[in-house]
Amino acid sequence: MFFLLACFLPVYFLFGDFKWAILCTFVEKFELMFEFIEGIFEELTPSYVVINTSGVGFRVEISLNCYEGLKNKQKGRLFIHQIIREDAHLLFGFASARERELFRALLSVNGIGANTARMMLSSLSEDELIRAVVNEDIATIKGIKGIGLKTAQRVVIDLKDVLSKFDIEQSNTCSDNKNRQEALLALQTLGFNKLLIEKALDKICKDRREASVEDLIRLALKIL
């Protein structure tokens, strides 16, 4: 393969406007992609990690959920999705192969690029995103920054059947509790973001499934 690459590089430098297309075709044909990168986390932020592998530092873009899973670790493995553009080679990393599969599913939807897909995986947990799509919860999907009504509808249409095949954990929260729904509406009228409210209520309901509306609102206000 390295011999073939050496043969293509002179072509890359000689043929002007065609050089990038030729090199990209070569890269795509031979699938020069990373499956995973394992090493020491030299720098870890909510949006990217620099991972040291045998003295080589790779900058890898990550979601907020991935960051939450890595923030207390000094080293580990990231599953990689590589995007090659004319102006950049980007690596997106995921704590699990499942998260990467979700990312790739989102990329298959017309109008959703890598940054939007990462935003979706940062705004909702994997299970929350799957449930929203499978249950056709347009409001939850549309509540993600950068996602409009048409895009949310397209996500549901394109991915409902695909994501319905994913295994998800059964929720231990009072998601069907009428008190939770009333508390949600009350907190929304106070101006709080719906996604943040739902996460707060889910956290409360794990321990207090029979909480009253007043208790749910009071405890949620302490979190929000």
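This is a walk through the structure shown above, from its overall make-up to a few single residues.

Let us begin with the whole chain. The model is a predicted one, and its protein chain has eleven helices and five strands. The chain counts 224 residues, of which 37% are buried. If you look at contacts between residues at least 6 apart in sequence, 52% of them join residues at least 24 apart.

Strand β1 covers residues 36-44, and it pairs with β4 in the antiparallel sense over five bridges. To find this pairing in the model, look for Ile-37, whose bridge partner in β4 is Leu-78. Strand β4, residues 75-84, also pairs with β5, again in the antiparallel sense, here over six bridges. One of the bridges to look for joins Gln-82 to Leu-91 in β5. The two strands β4 and β5 form a hairpin, with four residues between them.

A second hairpin is made by β2 and β3, with two residues between the strands. Strand β2 spans residues 48-53 and β3 spans residues 56-61, and the two pair in the antiparallel sense over six bridges. Here Val-50 has Arg-59 of β3 as its bridge partner. As a general point for reading such strands, side chains in a regular strand alternate between the two faces of the sheet.

Ser-54 sits in the loop between β2 and β3, and its phi is near 55°, a positive value in a residue that is not glycine. Most residues other than glycine have a negative phi. Is Ser-54 buried or exposed? With a relative accessible area of 79%, Ser-54 is exposed, because the cut-off for that class is over 50%.

Glu-136 also has a positive phi of about 55°, although it is not a glycine. You will find Glu-136 in the loop between α6 and α7, the latter being residues 138-142. Glu-136 has 44% relative accessibility and so counts as partly exposed.

Back among the strands, the loop between β1 and β2 holds Thr-45. Its relative accessible area is 16%, so Thr-45 is buried. Leaving aside residues up to four places away in sequence, Thr-45 touches Ile-62 and Tyr-67.

Now turn to the helices, starting with α4. Its buried residues are Glu-99, Arg-100, Leu-102, Phe-103, Ala-105 and Leu-106. What covers them? The cover includes the helices α3 (64-70), α5, α6 (126-134) and α8 (149-163), along with the strands β4 and β5 (89-94).

Gly-113 has a relative accessible area of 33%, so it is partly exposed. Phe-103 is ten residues away from Gly-113 along the chain, and their C-alpha atoms are separated by 9.8 Å.

Two packed helices are described by the angle between their axes and the distance between the axes. For α6 and α8, the angle is about 110° and the axes are 8 Å apart. That angle makes α6 roughly perpendicular to α8. The crossing of α6 and α8 is left-handed.

Which residues of α6 and α8 meet? From α6 come Ile-130, Val-133 and Val-134, and they meet Val-155, Val-156, Leu-159, Lys-160 and Leu-163 in α8. By type, the residues of this contact divide into seven nonpolar, no polar and one charged.

Our last stop is helix α11, residues 213-223, where Leu-219 has its place. Leu-219 has 18% relative accessibility, and it counts as buried because the cut-off is under 20%. Not counting residues up to four places away in sequence, Leu-219 touches Ile-204 and Arg-208. Leu-201 is 18 residues from Leu-219 in sequence, and the two are 8.4 Å apart in space from C-alpha to C-alpha.

Definitions and conventions:
Residues numbered from 1 in each chain as written. Predicted model: local features only at pLDDT ≥ 70, side-chain atom pairs only at ≥ 80, totals over all residues. Heavy atoms only, no water. Pairing = 2+ DSSP bridges. Buried < 20%, exposed > 50% of the residue type's maximum accessible area, 1.4 Å probe, protein only. Contact = heavy atoms within 4.5 Å. Axes fitted to C-alpha atoms, helices over the stretch in contact; angles between N-to-C directions. Parallel < 35°, antiparallel > 145°, perpendicular 65-115°, else oblique. Left-handed = near helix turned anticlockwise from the far one by under 90°. Nonpolar A, V, L, I, M, F, W, Y, C, P; charged D, E, K, R; others polar.
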